[in-house]
Amino acid sequence: LAARAAYLFGRAHFDLGEYVKSLEYGQLAKELLSETAPAGQRAAILTLLCDTHYNLGGNDKAIPECLEALRTYDDQGDQRGQSTVLNTLGTIYLDLNQYNKSRRYFFEALEMAREIQSWPSIANSLSTIGDMYLQQGEHDDALVYFDDALNIQLQIGNLRKLSDLYLKKGQALVGLQDISTAQGELSQGLRYAQDAQDLSLQAKALLELGKVQGAQGQQALGIETIQESLNLAQRANARPILLD
């Protein structure tokens, strides 16, 4: 019970973008796990630690937690859990510019999600594949995957996922030099991030909006917006956004 309570606190902080607190509770949950704890509980805690380390910029710590979670889900035959972790691993290797590994993990996750017809998992996989194309500069392909994911998420109503997808669409549109449309998508992403009360996503949205404002010749406004992003990123200790 104590391990589960710590996990739930960690997950709540994660959902609010408070990753340092999330990590504290996640590590506590792992320490409190008994040897007789259900495998599914262990896998959930490992997944939380994997995701939290990633959001704090600690890929070297995230990967072992992800791989252990993946093995645990595999032993339990939990394809939904496997799909989730495969997407995270794909994202980590995308950040490390290891595109072959990233692509393998992403498409394996999508295939698994489709097999079990898990729409949240399918949307997540489509989104991460879009990320891959975005990073490789293939903006048209990225938009196709983001739009497919968005159509699903609009039915599900997950505010954080909706925010993230609008921000990604905005970035792809910036890459296509469609600045005015991009600004609208980024603003929509910011509104969803505010509704979700996610500091990290708000910081990301403001950062991208500040870049667009700068590109439109509004340097003073852009600096003001990015400063606001910086303040929120510091509060959330969102290191990847702080670096940007």
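What follows is a conversation about selected features of one predicted model.

Visitor: What should I know about the model and its numbering first?
Guide: The model is predicted, and local features need pLDDT of at least 70, side-chain atom pairs count only at pLDDT 80 or more, and totals for chains, interfaces and linings use all residues. Residues are numbered from 1 along each chain as its sequence is written, and side-chain values use heavy atoms, with hydrogens and water left out.

Visitor: How many disulfides does the count come to?
Guide: The count comes to one disulfide, where a disulfide is a pair of cysteine sulfur atoms within 2.5 Å. Cys50 is joined to Cys66, with an S to S distance of 1.8 Å.

Visitor: Where do Cys50 and Cys66 lie?
Guide: Cys50 is in helix α3 (residues 39-55) and Cys66 is in helix α4 (residues 59-76). They are 16 residues apart, and the pair links distant parts of the chain. Helices (H or I, at least four residues) and strands (E, at least two) are DSSP runs, numbered from the N terminus.

Visitor: Are Cys50 and Cys66 buried or exposed?
Guide: Both Cys50 and Cys66 are buried. Buried means under 20% relative accessible area, exposed means over 50%, and partly exposed is in between, with a 1.4 Å probe and protein chains only.

Visitor: Which residues make the contact?
Guide: From α3 the contact uses Thr47, Cys50, Asp51 and Tyr54, and from α5 it uses Thr84, Val85, Thr88, Thr91, Ile92 and Asp95. By class, there are four nonpolar, four polar and two charged residues. Ala, Val, Leu, Ile, Met, Phe, Trp, Tyr, Cys and Pro count as nonpolar, Asp, Glu, Lys and Arg as charged, and the others, Gly among them, as polar.

Visitor: Now α9 and α10. How do their axes cross?
Guide: The axes of helix α9 (residues 159-175) and helix α10 (residues 179-196) cross at roughly 160° and come within 8 Å. The two helices are therefore roughly antiparallel to each other. Their contact includes Leu159, Tyr166 and Val174 of α9, and Ile179, Leu186 and Tyr192 of α10. Its residues divide into 13 nonpolar, six polar and four charged.

Visitor: What about phi of Asn237?
Guide: Phi of Asn237 is near 50°, a positive value in a residue other than glycine. Asn237 is in the loop between α12 (219-236) and α13 (239-243), and counts as partly exposed at 28% relative accessibility.

Visitor: Turning to serines, where is Ser127 and what does it touch?
Guide: Ser127 is in helix α7 (residues 119-135) and is buried, with a relative accessible area of 6%. Not counting residues up to four places away in sequence, Ser127 touches Phe146, Ala149, Asp164, Leu165 and Lys168.

Visitor: Is Ser102 buried or exposed?
Guide: Ser102 counts as buried, at 0% relative accessibility. Ser102 lies in helix α6 (residues 99-116), and its contacts, not counting residues up to four places away in sequence, are Gly90, Tyr93 and Leu94.

Notes:
Contact = heavy atoms within 4.5 Å. Axes fitted to C-alpha atoms, helices over the stretch in contact; angles between N-to-C directions. Parallel < 35°, antiparallel > 145°, perpendicular 65-115°, else oblique.
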